[in-house]
Amino acid sequence: MLMESSDVRSVPATASSHRVVINTKGIGLELTAASMDWLRSHGSEAVVANPRYGTPNLPYGPTLRWWEPQVLVDQSLTRHDPLVVQLVEELGPAASPRGCLQVRTVEGPYLIDSTTGVECLMQPSDINWVRIKS
């Protein structure tokens with residue numbers, strides 16, 4: 001059972017319900033610089049300084065790597081991380097450059113499918129299983 005982000009606050013917390021962040025216009029956690037600062041200020045160790053930012057672009061020349069992001073988000077940051085959920089709830093559309101992150105409530109295990117270029121939150125009950133008759 002999937003619920004829209006507007007329904008999240010009215011859903012009572014149960015042992016098997018979880019809040020998950022999905023991208024409604026693309027793939028992945030698209031975070032603004034303000035979001036990454038917010039995560040760092042709230043104790044997240046998943047946002048780290050990029051060691052390549054501002055270093056010389058050798059052997060191609062002395063130009064500094066200004067195009068590299070200043071900070072990186074570790075792949076260990078999960079969609080159900082309480083800090084990520086809180087970030088999206090507090091910052092709203094400002095959490096991502098395109099205002100595309102939303103919080104959804106799921107019951108039990110989940111999978112984020114992105115084969116169509118947009119994320120879709122799936123649960124076991126959403127799968128149309130093929131039953132083989134003996």
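What share of the 134 residues of the protein count as buried? In this predicted model, 33% of the 134 residues count as buried, where buried means under 20% relative accessible area with a 1.4 Å probe, taking protein chains only. Local features need pLDDT of at least 70 and side-chain atom pairs count only at pLDDT 80 or more, whereas totals for chains, interfaces and linings use all residues. Residues are numbered from 1 along each chain as its sequence is written, and side-chain values use heavy atoms, with hydrogens and water left out.

**View 1. Overall fold of the protein.** The protein has two helices and six strands, and along the sequence they follow the pattern β-α-β-β-α-β-β-β. Helices (H or I, at least four residues) and strands (E, at least two) are DSSP runs, numbered from the N terminus. Among contacts between residues at least 6 apart in sequence, 67% join residues at least 24 apart; a contact means heavy atoms within 4.5 Å. The protein exposes about 8,700 Å², and carbon and sulfur atoms supply 58% of this area, as given by the Shrake-Rupley method with a 1.4 Å probe.

View 2. Asn23 lies in strand E1 and is buried, at 0% relative accessibility. The side chain of Asn23 has a polar atom 2.9 Å from the backbone nitrogen of Lys25 and also reaches the backbone nitrogen of Gly26 at 3.0 Å. Leaving aside residues up to four places away in sequence, Asn23 touches Gly28, Glu30, Arg79, Cys100, Leu101, Val118 and Glu119.

View 3. Glu30 belongs to the loop between strand E1 (17-23) and helix H1 (33-41). The side chains of Glu30 and Asn23 are joined by a polar contact of 3.2 Å. A polar contact is a pair of N or O atoms within 3.5 Å; within protein, one must be able to donate a hydrogen and the other to accept it, and residues adjacent in sequence count only if both atoms are side-chain atoms. Beyond residues up to four places away in sequence, the residues that Glu30 touches include Ala95, Pro97 and Arg98.

**View 4. Ser35 within helix H1.** Ser35 is placed in helix H1 and is buried, with a relative accessible area of 0%. The side chain of Ser35 reaches the backbone oxygen of Ala95 at 2.6 Å. Not counting residues up to four places away in sequence, Ser35 touches Leu87, Leu91, Ala94, Ala95 and Ser96.

**View 5. Helix H2 and its packing.** In helix H2 (residues 82-91), the buried residues are Leu83, Val84, Val85, Leu87 and Val88. These buried residues pack against E1, H1 and strand E4 (101-107). At the start of H2, a side-chain oxygen of Asp81 comes to within 2.7 Å of the backbone nitrogen of Leu83. Just after H2, Gly92 has a positive phi of about 60°.

Definitions and conventions
Buried < 20%, exposed > 50% of the residue type's maximum accessible area, 1.4 Å probe, protein only.
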